[in-house]
Amino acid sequence: VAKKLKISPSDLSDVYVMRDVREELDIGIITSVPGCAKGIEAKARIAQLLDIEIASVNRLKNKINF
């Protein structure tokens, strides 16, 4: 995950670094920021960015024939 996010493994546990990374990549943050991704939209961005499967995102895609 750290490699895909282009950060160090220790940065994954740094709340300040991760907030900046999440805002920059628009993959959702703990406190909402107007105009930024949240909820399932953030999950979909994370799945795409990290090239991973997320069950809830896949269910939604199948439901809407995406």
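A residue is called buried when its relative accessible area is under 20%, exposed when that area is over 50%, and partly exposed in between, with a 1.4 Å probe and protein chains only. By that scale L60 is partly exposed, because its relative accessibility is 37%. This is a predicted model, in which local features need pLDDT of at least 70 and side-chain atom pairs count only at pLDDT 80 or more, while totals for chains, interfaces and linings use all residues. Residues are numbered from 1 along each chain as its sequence is written, and side-chain values use heavy atoms, with hydrogens and water left out.

**Overall build**

- The chain has four helices and zero strands, where helices (H or I, at least four residues) and strands (E, at least two) are DSSP runs numbered from the N terminus, and its pattern along the sequence reads α-α-α-α.
- Taken along the principal axes, the box filled by the C-alpha atoms is roughly 35 × 25 × 15 Å, and 26% of the 66 residues count as buried.
- Among contacts (heavy atoms within 4.5 Å) with a separation of 6 or more, 13% come from residues 24 or more positions apart.

**Surface and charge**

- I40, L60 and I64 make a nonpolar surface patch of about 250 Å², and L60 itself belongs to helix α4, residues 55-63.
- Patches are made of residues with over 30% relative accessible area and no salt bridge, joining like charges within 9 Å and nonpolar side chains (Val, Leu, Ile, Met, Phe, Trp, Tyr) within 5 Å.
- The chain carries 11 positive and 9 negative charges, whose mean positions are 8 Å apart; Lys and Arg count as positive and Asp and Glu as negative, with His and the chain ends not counted, and each charge is placed at NZ of Lys, CZ of Arg, CG of Asp or CD of Glu.
- Y16, in helix α2, is exposed because its relative accessible area is 67%, and its C-alpha atom is separated by 19 Å from that of P34, which is 18 residues apart from Y16 along the chain.

**Salt bridges**

- Side chains of opposite charge can pair when their charged atoms come close, and the structure holds three salt bridges, each defined as a side-chain nitrogen of Lys or Arg within 4 Å of a carboxyl oxygen of Asp or Glu.
- R19 and E23 form one of them, with their closest N and O atoms 2.9 Å apart; the two residues are separated by about one helical turn because they are four residues apart in helix α2.
- Both partners of that pair are partly exposed, R19 with a relative accessible area of 32% and E23 with one of 35%.
- R45 forms a salt bridge with D26, the closest N and O atoms being 3.4 Å apart, and since R45 lies in helix α3 while D26 lies in the loop between α2 and α3, the pair ties together parts that are 19 residues apart in sequence.
- D26 counts as buried because its relative accessibility is 17%, and, leaving aside residues up to four places away in sequence, D26 touches C36, A37 and R45.
- R45 also meets E41 in a salt bridge (3.3 Å, N to O), both residues lying in helix α3, four residues apart or about one turn of the helix, and a network of salt bridges thus links D26, E41 and R45.

Terms used:
Accessible areas come from the Shrake-Rupley method with a 1.4 Å probe; for residues, only the protein chains shown count as cover.
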